Amino acid sequence: MDWSFVLLVFVGFLAGFINTIAGGGTLLTMPMLIFMGLPPNIANGTNRIAILIQTAIGVKGFQSKGVTTYPFSIYLGISALLGSLIGAQIAVDIKGELFNRILAVIMLLVVILMLFQPKISLASLAERTQGKYLYISIVIFFFLGIYGGFINAGIGFMMLIILPYVNRLSLVKSNATKVAVVCIYTIGAVFMFAINDKINWCYGLILAIGNATGAWVSSRWSVDKGDRLVKRFVVVMITILSIKLWFFN
């Protein structure tokens, strides 16, 4: 048995669980794929296979509990899909050393966002998923799609800030919307990375086993804020990776 594959499944499970509850799972899987020997741009493409399968399972998990924001999530997903085609192409075309440094900066910024994510309590406010607030979200999610197509790391945190404040969705509905949107735009990202031969399919499918399992468990589990230990682990791991990417290309 190749124990690196077992570790990859385990990391995938953690990532799928974390991604579906909040976000930041890519901050675990990207370092793991890079440390397994994949160049960062191929690690980026490979990670999308796991994300696609993870989010598809997550959507079904939320639906099994009666949580959905259809058709709102579809509108945002289509907008983000168009953006993801642009972002993924940028990720494919960018030179390796520059990508490494951009990745290092992005990961550190996402860690900061993770640590200082505001607490939100909007239980008494009415949802705003139609009219001008829908159009505002569609525009915002197009640009989120560009970012998601480029790297995807930490996009869950961004969505969990935007959806409650702009659309006044509960945390549970924001999570369900986030998972559906990421599933839709990741289709475009996978397509762009695949046609440019930037995916290791073996690693991607093995990672997806863990991601999908973690997504199913967390999507059916009540939302839990007690992830302090995981956040600390991610902060240390990404700080080390960012230093490596910046100084040791």
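This is a predicted model: local features need pLDDT of at least 70, side-chain atom pairs count only at pLDDT 80 or more; totals for chains, interfaces and linings use all residues.
Let's begin inside. The largest nonpolar core holds 50 residues, and those with the most contacts within it are Leu8, Phe141, Ile151 and Met159. If you want to know which element gives the most to this core, look at helix H8, spanning residues 171-195, with seven residues. As background, nonpolar side chains in soluble globular proteins tend to be buried together.

Leaving aside residues up to four places away in sequence, Met159 touches Phe141, Leu144, Pro164, Lys178, Val181, Val182 and Tyr185. Among these partners, Lys178, Val181, Val182 and Tyr185 fall within the residue range of helix H8, 171-195. Phe141 is also one of the residues with the most contacts inside the core.

Now turn to Ile162, which sits in helix H7, residues 155-167. Is Ile162 buried or exposed? Its relative accessible area is 16%, and since the cut-off for buried is under 20%, Ile162 counts as buried. Beyond residues up to four places away in sequence, Ile162 touches Ile140, Phe141, Leu144 and Asn167. With Ile140, the chain separation is 22 residues, while the C-alpha to C-alpha distance is 8.7 Å.

Next, move to helix H1, residues 3-21, where you will find Ala15. Ala15 counts as buried because its relative accessibility is 0%. What does Ala15 touch, not counting residues up to four places away in sequence? Its partners are Gly25, Leu28, Thr29, Gln54 and Asn211. Ala15 can also be placed relative to Ala50: the two are 35 residues apart in sequence, and their C-alpha atoms are 9.6 Å apart in space.

Tyr70, Ile74, Ile78, Leu82, Leu85, Phe191 and Ile195 make a nonpolar patch of about 700 Å². Two helices, H4 (72-93) and H8, each supply at least two of its residues. Of the contributors, H4 gives the most, with four residues.

Ile195 makes a fitting last stop. This residue of the patch is found in helix H8. Its relative accessible area is 53%, and because exposed means over 50%, Ile195 is exposed.

Definitions and conventions. Residues are numbered from 1 along each chain as its sequence is written. Side-chain values use heavy atoms; hydrogens and water are left out. A nonpolar core is a set of buried Ala, Val, Leu, Ile, Met, Phe, Trp, Tyr and Cys residues joined through side-chain atoms within 4.5 Å. Buried means under 20% relative accessible area, exposed over 50%, partly exposed in between (1.4 Å probe, protein chains only). Contact means heavy atoms within 4.5 Å. Patches are made of residues with over 30% relative accessible area and no salt bridge: like charges are joined within 9 Å, nonpolar side chains (Val, Leu, Ile, Met, Phe, Trp, Tyr) within 5 Å. Accessible areas come from the Shrake-Rupley method with a 1.4 Å probe; for residues, only the protein chains shown count as cover. A salt bridge is a side-chain nitrogen of Lys or Arg within 4 Å of a carboxyl oxygen of Asp or Glu.
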